[in-house]
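This report goes through selected features of one protein chain. Keep the sequence and the model open while reading.

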Amino acid sequence: MENSPSRTLSFLLVAPSYACKPVTGSGQRTSLIYKALTRLGRVDVLLLGDQDTEVFRPYFPGANALHIVKPDDSAAAFWQFVRPISPKLIDKLTTAFRDKKYLYQPDSNVSAFFDDLQDSHSYDLVVGRYLRPTARAGAIASKKVPIILDIDDRDDVVYKSRLNLPGLNPVERLFLRAYSQQTEAVTEELLPHCDHVWLTSESDAREVIHPSKSILPNIPYTPSNNRPQALEENRASKTVLFVGSYAHRVNAEGVERFILNCWPKISSAVEGATLRVVGSGNWKAEKPKFTHVPNVEIVGFVDDLAEEYQKASFTIAPLFEGGGTKIKVLETLLYQRTAVITNHAQYGYDTIKHQESLWVAATEAELIEGCIQLLGNPDLRAEMAAKGRKTVVDGYSFDRFASLIQSSVEQLIAGD
């Protein structure tokens, strides 16, 4: 990495509390950005949430200051009272008929705190994780220093991706199109007020219109940023592994569809095939849904992910919706295991190709085919895994990630 700037810089990192714990992909990216910023100067952290500050302190070691502010929910009090009558219906109606712009308005509690921070500190830059919490914090409305916005999960893409789900009824499709169009309009209005935008893929860079933007790709996460060793081949394994947080709805629904629609065919075609589902959150709540499906192990949280990867023949990412790029795909390859993934989960990884490093499927039928092929061909999956690890080691290191952040920061500081 290049030398740090000649003077000590001061940053304010703004993030939602749900994107801070590194057991999730969003939390891992926040942690990586924070660590890169600490290489360049002092970092204050402002979180939007309602938990105790001490809960998050371990995730921001060495922070100059850590603050958490609860947004003002008084405006939602009426709906909180009415919602229990019919939660799904109330959510759909309020989301469909209320302008999306209200979700991006400065919050009275958070923006007042943010203003005080700006007035009492000489920040060089504000770095915001996601457009919505950055706008709610008041960083855009009361801008006094340059803003770098990180939008690895584009809100409009999240809604667009759901339009690809099988079985959507016409009303759901209508709502999702409306949500996407409203969110896209708000993004186009607010984005020009940010001085630089980080995106995770060439695809996003082509679609997002902004005069100053760069690609800051997702990278595999390890707590110490030490690269894990490649795992030995496990030629005898017939274990297919899923790793992901249960709290992320896309994971829970994707795994459920895979188990119900795909796994019975895979299990019947490959004797001894076993599916293991691990990750943070209450995965065990899903167990009753799958008692009739053979050879499915719902494990939940594990202390040692490396051990799970060692036991696995390959992993799966059966996700057909959601925003951003899927960090677990890179993590799998870094451990030298290939994966069977959807073309949606491949989004943003243009250099990691079908049947070179991964098996990429457009349909559930192709997911089934990929799993059966790789379970029966240890040589093929070992060759793909080795190529995948080399690609990740060469192009997705923390030092490169940090140098990209430094480059953006230096350009903004030089032009200030």
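## Aromatic pairs

Trp 283 has a relative accessibility of 1% and therefore counts as buried. This value, like every other one in the report, comes from a predicted model. Tyr 246 is partly exposed, since its relative accessible area is 22%, and the cut-off for buried is under 20%.

The count of aromatic pairs in the model comes to 9. One of them is formed by Tyr 246 and Trp 283: the pair is edge-to-face, with 5.1 Å centre to centre and 65° between the planes. The two residues are 37 residues apart, and their pair links distant parts of the chain. Tyr 246 sits in the loop between strand 8 (239-243) and helix 10 (249-269), whereas Trp 283 sits in the loop between strand 9 (274-278) and strand 10 (296-300). Why is the pair of Phe 258 and Trp 263 tilted? The ring centres of Phe 258 and Trp 263 are 6.3 Å apart and the planes stand at 40°. Pairs with planes under 30 degrees apart count as stacked and those over 60 as edge-to-face, so the rest, this pair among them, are tilted.

Phe 258 counts as buried at 2% relative accessibility, and Trp 263 counts as buried at 0%. Ring pairs also join Phe 242 to Tyr 246 and Trp 283 in a cluster.

In what order do the 7 strands of the open sheet lie? The order is 3-2-1-4-5-6-7, and the pairing is parallel. The edges are taken by strand 3 (65-69) and strand 7 (213-215). Each of these has a single partner strand, so one side of each has no neighbour in the sheet. On average, neighbouring strands of this sheet are turned by 20° against each other, with direction ignored.

Two of the pairings can be followed residue by residue. Strand 4 (residues 125-129) and strand 5 run parallel and are joined by 4 bridges; Val 127 has Ile 148 as its bridge partner in strand 5. Strand 6 (residues 196-199) and strand 7 also run parallel, joined by 3 bridges, and Leu 199 has Ile 215 as its bridge partner in strand 7. Within strand 5, Ile 147 and Leu 149 point one way, while Ile 148 and Asp 150 point the other way. All of these residues of strand 5 are buried.

## Loops beside the strands

Tyr 130 is in the loop between strand 4 and helix 6. Its relative accessibility is 7%, so Tyr 130 counts as buried. Phi of Tyr 130 is near 80°, which is a positive value in a residue other than glycine. Most residues other than glycine have a negative phi. Gln 355 also has a positive phi, near 65°. Gln 355 lies in the loop between strand 12 (339-342) and strand 13 (359-361), and at 46% relative accessibility it counts as partly exposed.

Gly 138 belongs to the loop between helix 6 (131-136) and strand 5 (147-150). Is Gly 138 buried or exposed? At 1% relative accessibility, Gly 138 counts as buried. Gly 138 and Ser 111 are 27 residues apart along the chain, yet their C-alpha atoms are separated by 4.5 Å.

## A cavity and a pocket

How many cavities of 30 Å³ or more does a search of the whole structure find? The search finds 1. The largest cavity holds about 110 Å³ of space. It is lined by 13 residues, and those closest to its centre are Glu 233, Asn 234, Arg 337, Arg 381 and Ala 382. By type, the lining of the largest cavity has 5 nonpolar, 4 polar and 4 charged residues.

The second largest pocket has a volume of about 330 Å³. Its lining has 18 residues, and Thr 187, Glu 188, Leu 191, Val 208 and Ile 209 lie nearest its centre. Helix 7 (155-162) and helix 8 (170-190) are the elements that give two or more residues to this lining. The lining of the second largest pocket divides into 8 nonpolar, 2 polar and 8 charged residues.

How values were computed
Residues are numbered from 1 along each chain as its sequence is written. This is a predicted model: local features need pLDDT of at least 70, side-chain atom pairs count only at pLDDT 80 or more; totals for chains, interfaces and linings use all residues. Side-chain values use heavy atoms; hydrogens and water are left out. Two strands pair if DSSP finds at least two bridges between them. Axes are lines fitted to C-alpha atoms, for helices over the stretch in contact, and angles run from 0 to 180 degrees between N-to-C directions. On a 1 Å grid over the protein atoms alone, a cavity is a set of points where a 1.4 Å probe fits but cannot get out, and a pocket is an open set with protein on both sides within 12 Å along at least five of seven lines; lining residues have an atom within 4 Å of a point. Grid points are joined across faces, edges and corners, and a volume is the space filled by probe spheres set on the points. Ala, Val, Leu, Ile, Met, Phe, Trp, Tyr, Cys and Pro count as nonpolar, Asp, Glu, Lys and Arg as charged, and the others, Gly among them, as polar. Rings of Phe, Tyr and Trp (its six-membered ring) pair if their centres lie within 6.5 Å; planes under 30 degrees apart count as stacked, over 60 as edge-to-face and the rest as tilted. Buried means under 20% relative accessible area, exposed over 50%, partly exposed in between (1.4 Å probe, protein chains only).
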